[in-house]
Amino acid sequence: MAGDEELLREMERLAVLASREILDVARRGIVTERKADASPVTEADRRAEKTILGGLRRAFPDIACVGEEEASAGVADTATGETFFLVDPLDGTKEFVCGRPDYTVNIALIRTAAPAIGVVVAPATGELYAARPGHAERARVAADGAVVERARLAVRPAVEPPLVVASRSHLSRETSAYIAACGAKETVSVGSSLKFCLLARGDADLYPRFSRTMQWDTAAGDAVLRAAGGRTVEVGGGDLAYGRRQAQGEEWANPWFIAMGGAVPMADTGR
Ligand SMILES: Nc1ncnc2c1ncn2[C@@H]1O[C@H](COP(=O)(O)O)[C@@H](OP(=O)(O)O)[C@H]1O
Ligand SMILES: [Mg+2]
């Protein structure tokens, strides 16, 4: 069985490769299509997922892989077991299509329902976040694809009032109500899993998400946050759990959750 460091380095290598393919598609012009659920998908999503899943299956043939595009097409691995990869090749597709930089490549390894290892890369800026249990770091992807300037990450103790991060494209009424209830002084709108990374870096305190997300949207960023000392909890429950669920069509959906950096008093969510 591969060790955590070996797993992480291969996940990182594949995320950087996928990131370069996404930039290549962006340079040639993005053509957007709609999936069955009307969400946008591009050649970049598909090419990046093919690269990542192909690479993971070659390097770690015994570990199941679940990727957003395969799952949407109904061909994802179904018998995942307790340890499996969760991949979102391009999170924040709306931002990508609009020419904004806050979109990411996400690769996570789930172990017994928790995100244990994760890599998040933002192709447009070259930001890279990587984590294994007890160790989270950020780095920069140089023009030649080399990963440079590695630095350890840790959450900050929460400040009062908290600095909140929220979805740029999918902010719900319930999330806004929660943000108002916790007396946030400032709310930063950001697309993609970068919201988890802002908490992990100690640049924000709370990320409440009371609207739909899928497990591949959150797994890698959540792994980075947990390794940096933060937590992600289900509304009214314990740590956000990963793995196939029973309800048909909802197998990979997350419940509403709150991600947090250093400990913060939680406002009443009204649920
Ligand atoms: N109405 C909607 N349209 C598209 N994606 C939605 C959506 N509601 C929720 N999502 C999910 O929200 C994710 C983006 O989160 P955020 O708003 O934090 O950037 C999307 O990931 P993808 O961009 O990978 O499809 C998708 O899974
Ligand atoms: Mg996504």
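This is a predicted model: local features need pLDDT of at least 70, side-chain atom pairs count only at pLDDT 80 or more; totals for chains, interfaces and linings use all residues.

Residues are numbered from 1 along each chain as its sequence is written, and chains are lettered from A and ligands numbered from 1 in the order in which they are written.

The protein has seven helices and 14 strands; these are DSSP runs, helices being H or I with at least four residues and strands E with at least two, numbered from the N terminus. A compact globule of 271 residues would have a radius of gyration near 18 Å, and the value for the protein, 17 Å, agrees. This radius is taken over C-alpha atoms, and the globule rule is 2.2 Å times the number of residues to the power 0.38.

Helix α2 covers residues 43-59, and its 17 residues should span 24 Å at 1.5 Å a residue, which agrees with the 24 Å between its end C-alpha atoms. The expected span is 1.5 Å times one less than the number of residues. Among the buried residues of α2 are Ala 44, Ala 48, Ile 52 and Leu 56. A residue is buried if 20 or more other C-beta atoms, placed from the backbone, lie within 10 Å of its own.

The largest nonpolar core has 78 residues; such a core is a set of buried Ala, Val, Leu, Ile, Met, Phe, Trp, Tyr and Cys residues joined through C-beta atoms within 7 Å. Phe 85 and Ala 200 are among those that touch the most other members. Helix α1 (residues 4-28) gives the largest share, nine residues.

Definitions and conventions: A residue is buried if 20 or more other C-beta atoms lie within 10 Å of its own, exposed if 12 or fewer, and partly exposed in between; C-beta atoms are placed from the backbone.
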